[in-house]
Amino acid sequence: MKKVLIVNGHQYYDVVARGELTKKYIDKATKFFLDNGFEVKYTHIENGYKIEEECEKFEWADAVLFQYPIYWMGVPWITKKYFDETFTQGRHYESDGRSRSDESKTYGSGGLLKGKKYMLSITYNCPKSEFNNPNGFFDGLSLDEANIATHKTFQFVGLEALKTYSVHDIFKGDLDLNKELIKFEETLKDNFL
């Protein structure tokens, strides 16, 4: 696993979401990968992209690092559009996986990017304590369960999940970014080395 595609799913909003935090994570990841001998390709969705080139990047990569903020419990709308445009070309799956002649083939198993991996790296305003908490906002869901749509998007095209990283309470005012970037790098080491 030596070829990594980094996808920046941030969407700019003045004052609350300028992208500085996302950029710090992407800079850290890029340095980590280059220092460890990886080839890196990069897409910043908001800066524009060519659908054909994005399809080729997914085919080229051994792994994808998807860095994004949570907006209204999901990916920013431009990122959903990116998935729709990139994955709907039919290059990354042969079918929805089912077969009329083989009932063992199930829905979502037709992805063509099998053998490749992905890592979600998410920035959240909500506290970490809201996950795995039956009384919390997410009704007891884990972090990964609360982000099931994103995981299933990647699974549908055949990618396999690596450990998710998340940072929380980003607007609270006491974020220790250096400490968080150390945790992030540890997650990168666990996932990629």
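Student: What volume does the second largest pocket have?

Tutor: In this predicted model, where local features need pLDDT of at least 70, side-chain atom pairs count only at pLDDT 80 or more and totals for chains, interfaces and linings use all residues, the second largest pocket has a volume of about 500 Å³, a volume being the space filled by probe spheres set on grid points joined across faces, edges and corners. Residues are numbered from 1 along each chain as its sequence is written, and side-chain values use heavy atoms, with hydrogens and water left out.

Student: Which residues of its lining lie nearest the centre of the second largest pocket?

Tutor: Of the 21 residues that line the second largest pocket, Lys-128, Ser-166, His-168, Glu-180 and Lys-183 lie nearest its centre. Helix H6 (177-192) is among the elements that give two or more residues to this lining, and H6 gives the most, with 4 residues.

Student: Why is helix H1 called oblique to H6?

Tutor: The axes of H1 (residues 20-35) and H6 come within 10 Å and cross at roughly 40 degrees. Angles under 35 degrees count as roughly parallel, over 145 as roughly antiparallel, 65 to 115 as roughly perpendicular and the rest as oblique, and therefore H1 is oblique to H6.

Student: What residues make the contact of H1 with H6?

Tutor: With contact meaning heavy atoms within 4.5 Å, the residues include Tyr-25, Phe-32 and Phe-33 of H1 and Glu-180, Phe-184 and Leu-188 of H6.

Definitions and conventions:
On a 1 Å grid over the protein atoms alone, a cavity is a set of points where a 1.4 Å probe fits but cannot get out, and a pocket is an open set with protein on both sides within 12 Å along at least five of seven lines; lining residues have an atom within 4 Å of a point. Axes are lines fitted to C-alpha atoms, for helices over the stretch in contact, and angles run from 0 to 180 degrees between N-to-C directions.
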